[in-house]
Amino acid sequence: MANKDTAQTPLTPAVLHILLALSTGERHGYGIMKQVEADSQGKVKMGPGTLYGSMRRMMEAGLIRESDSRVDPEMDDERRIYYELTGAGRTALEAELKRYRSVVAVAEGRLAHGH
Amino acid sequence: MVTNVAGRRYRTWYAMLLRLYPRTFRERFGEGMAQTFHDLCREHEDDRRGLFGFALWIFCETLAGIVRENIMRMDQLGKTMLRVALRALALLMVPLVASRVVEGWNWPAGAFVRVYVLFFATGMTYALIARRMGAWSYKVGVGVALFAGFALGWSTMVQTADSGHPERLWYLSALAVGVVAGAAKGAGVGSYFVRDGGDACANCRDAAFRRSTRHGAKNGHRARCLRGVVHRVRPAVPARESGEIGVRPREIANLSLVAKSKSPPKYVIPAEGAVRGECISTRWGTSESQWRDSRRLR
C-alpha cells in the first residue's frame, strides 16, 4: 500500500518517467529503459543503477509490483521479470500530472498577463 | 548472446560489480540488472557502436547506485563512521596539499596514514560521546578535551619523529589514562548507580535512584533520584533489571512544579499518600539522547 505522502508530494523525474513508461502496460527493465528514452525523445537516459534503485523505492511505496517472469518474444529466449503499475501507482501518476497541469496553467497565465 | 570478447568481459565485470550491492537488493534485482546490461551491450554491438565509453558510463552510474543503496541501509553507527571518515579525509587534504606547495614540507607516506588515523580516531571519539549528550555545554567540553588530546598526540608524534627518541611516545600514556578513565566512567565504575537493593520507579523504571532510606508502606514508596526529583518507587523492582534504555518516562503528574526552568528541577514533595500511582518525570526526557543522558548520573 502506498503511503499517503506518495500521492501528494512531487515525484522525482526518474519515478515519473518509470510510471509513465509502465502506464501503457507491463515491461521488463530494459523495456522500461527504452520506453523512457522514447518518451523523452532521447533526452533522459537512465542507467540500471538509477532504474532499479528507483524501482526498489517504488515497490516499497507500493507504486509498482512484479507481474510475471517470462520470455520476451521480440528479444531472446531468456526469461525476464516484468513490472506493472499498481492502483496506487496510477493514482500517484494522475496526481502528479494534475499537479503539472496546474503549474503549467499558472505559468501560462502569468506569461499571458506579462505580455 | 554477446559474442564479442569485450562484451563478455564487461558482462563478467558488471556481475562482479553487482556483488557490491546490499544482499537483499542484489537477490531481488541483481539478475534483472545483469540482464539489462546484457541487453544494452547487445544493442550497442548490433549498432556497431563502441562499448568502452558506454560500459564506463554504466559502471559509474551503477557504482553511484551502489553507494546510495549501501548508505541507505547503513545503521546510524555506520553512517557516523562514514561521515567521520570523509571529514577526516577532507582534513587530510590540508597537509597533503601543503606538502606539495610549501617548500620543506616533506612528509613520508606513513606520516599521512598516522595523521589520518589520528583525525579519524578523534572524530569518532567525539561523535560517539557527543551523540549521547543532550546539552551543548557538555558537547563543547568533550570537544575541548578531545582537541587537547589530539594536540598532545600530534605534538608527541612530531617530537618523536624530529628527535628520534621513541621513548617520548610515553607522553601518550597521559592520553591512555584519559581513555581508560572515560571508559570506566562510561561503564558506570564509580558512579552512583544503585545496583543491588536499590529502588526503581515502577513506571518509568529509572535506575538512577539513591537507596530509598525510608521506603515502606507508610512513606508511600517515594524516593528521590540524584536529580532531586521525587519518584514513586516500587522496592520490588531492582535497579539492575530496570536499567534498560528505551523506556521513556511519562509526563509529570500529581506533583506541583516549583521552578521548571532550573536544573535540577525542583518539585514540592507531596504529602504522604498524595502520589496516586503516577510516575513523575523530568523536563530533560524529551529526546532519546537526552533521555539516555539523564540516566547517567552526574
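These exercises walk through a predicted model, with a worked solution after each task.

Residues are numbered from 1 along each chain as its sequence is written, while chains are lettered from A and ligands numbered from 1 in the order in which they are written. In this predicted model, local features need pLDDT of at least 70, side-chain atom pairs count only at pLDDT 80 or more, and totals for chains, interfaces and linings use all residues.

**Exercise 1.** List the elements of chain A in order.

Solution. Helices are DSSP runs of H or I with at least four residues; strands are runs of E with at least two; numbering starts at the N terminus. Chain A has four helices and three strands. From the N terminus, they run α-β-α-α-β-β-α.

**Exercise 2.** State where confidence is lowest and highest among these elements of chain A.

Solution. The pLDDT is the predictor's confidence in each residue, from 0 to 100. Chain A averages 86, and 90% of its residues score at least 70. Strand β2(A), residues 64-71, has the lowest mean, 81. Helix α1(A), residues 13-22, has the highest, 94. Residues 1-5 of chain A have a pLDDT below 50.

**Exercise 3.** Describe the side of chain A that touches chain B.

Solution. Two residues are in contact if their C-beta atoms, placed from the backbone, lie within 7 Å. Chain A gives 13 residues and chain B gives 16 residues. On chain A, α2 (29-39), α3 (48-61) and β3 (79-85) each supply at least two. The largest share, six residues, comes from α3(A).
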